[in-house]
Amino acid sequence: ERDGEKTFTYLYTAHPDKHMHALGVEHVEVRNVVHGIEMETERFWRVLGDREALLSGKYDVDSSSSGGVEQENRLKKEEGAVDAAVVLTADHGHVTVHPEDMVVLPECILELLEYACIGVHGKGRHGYLHCRAGLQKPLQQRWKAIDELHQHFLLLTIEEAIEIGLFGPKHMRMEVRPRLGDFVSISIGTKTLVTPSENEAFCHQGCCQGAHGSLNPEEMHIPFILLEPSSR
């Protein structure tokens, strides 16, 4: 500001993501964290609204937003504020996975696989399945015959997923392709593929977890909040 330079500052917080993963989306502690972020953002915006105090280092970060009409009028004046904008956003949403939403792959599927990249906190929302050599067709047939899998997960070959653009518009790099295996299983609701150990750990009533990684609106829609000088 003093030197007339333009700068960009990036701040990342791991919350409320960690709280949602551990407690589910609807837990009261998640709301408390979101409310705390809202309050801190408001306080930060007030600090940016007082150029003189900010540049002198004598701003009061603990002052209340109800600090009197005189203070509010002063902060609303564009000429008294730092020429700065604030953007708040996120990289994904969340869904709550209840114990009854956790799905363990049955033995008849596991015996066809070399490896299943699944897990309650995200990987199970878009599980990657690596088949044993030559067993891709039996896996598709068995998957379709099991209602819990067929009705709640969309099973696509990796080639089908590439074709419809699930990995982006650009051509996939050759070194990436082997990591994806043969199939991707995409959850179309809250059902999530989990490991047996996860199922055992989180099977208790009320033991909710949070997850993301599928294509449901709750997971893909993110907030975008823009604060700019003209909005003061």
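Is V120 buried or exposed? I looked it up: V120 is buried, at a relative accessible area of 0%, where buried means under 20%, exposed over 50% and partly exposed in between, with a 1.4 Å probe and protein chains only.

Before going on, I noted that this is a predicted model, where local features need pLDDT of at least 70, side-chain atom pairs count only at pLDDT 80 or more, and totals for chains, interfaces and linings use all residues. Residues are numbered from 1 along each chain as its sequence is written, and side-chain values use heavy atoms, with hydrogens and water left out.

**Confidence.** I checked pLDDT, the predictor's confidence in each residue from 0 to 100. The protein's mean is 89, and 89% of its residues reach 70 or more. Contact here means heavy atoms within 4.5 Å.

**V120.** I found V120 in the loop between β4 (113-117) and β5 (126-131). Helices (H or I, at least four residues) and strands (E, at least two) are DSSP runs, numbered from the N terminus. Setting aside residues up to four places away in sequence, V120 touches V97, M102, T192, L193, V194, E198, F202, Q209, G210 and A211. For T192, 72 residues apart from V120 along the chain, I have a C-alpha separation of 6.3 Å.

**H21.** Next I went to helix α1 (residues 17-23), which holds H21. H21 counts as buried because its relative accessibility is 14%. Neighbours within four places aside, its contacts are H94, H121, Q209, G210, A211 and H212.

**Cores.** A nonpolar core is a set of buried Ala, Val, Leu, Ile, Met, Phe, Trp, Tyr and Cys residues joined through side-chain atoms within 4.5 Å. The largest has 15 residues, and L105, L129, L139, W143, L149 and L193 have the most contacts inside it. β5, α6 (136-145) and β6 (153-157) are the elements giving two or more residues to this core. Apart from it I noted another core of nine residues, including C117, Y128, L156 and A161.

**Surface.** I also jotted down a nonpolar surface patch made of I162, I164, L166, F167, L215 and M220, with about 530 Å² of accessible area together. Areas come from the Shrake-Rupley method with a 1.4 Å probe, and for residues only the protein chains shown count as cover. L215 is partly exposed, at 47%.

Note on methods:
Patch = residues over 30% accessible without salt bridge, like charges linked within 9 Å, V, L, I, M, F, W, Y side chains within 5 Å. Salt bridge = Lys/Arg side-chain N within 4 Å of Asp/Glu carboxyl O.
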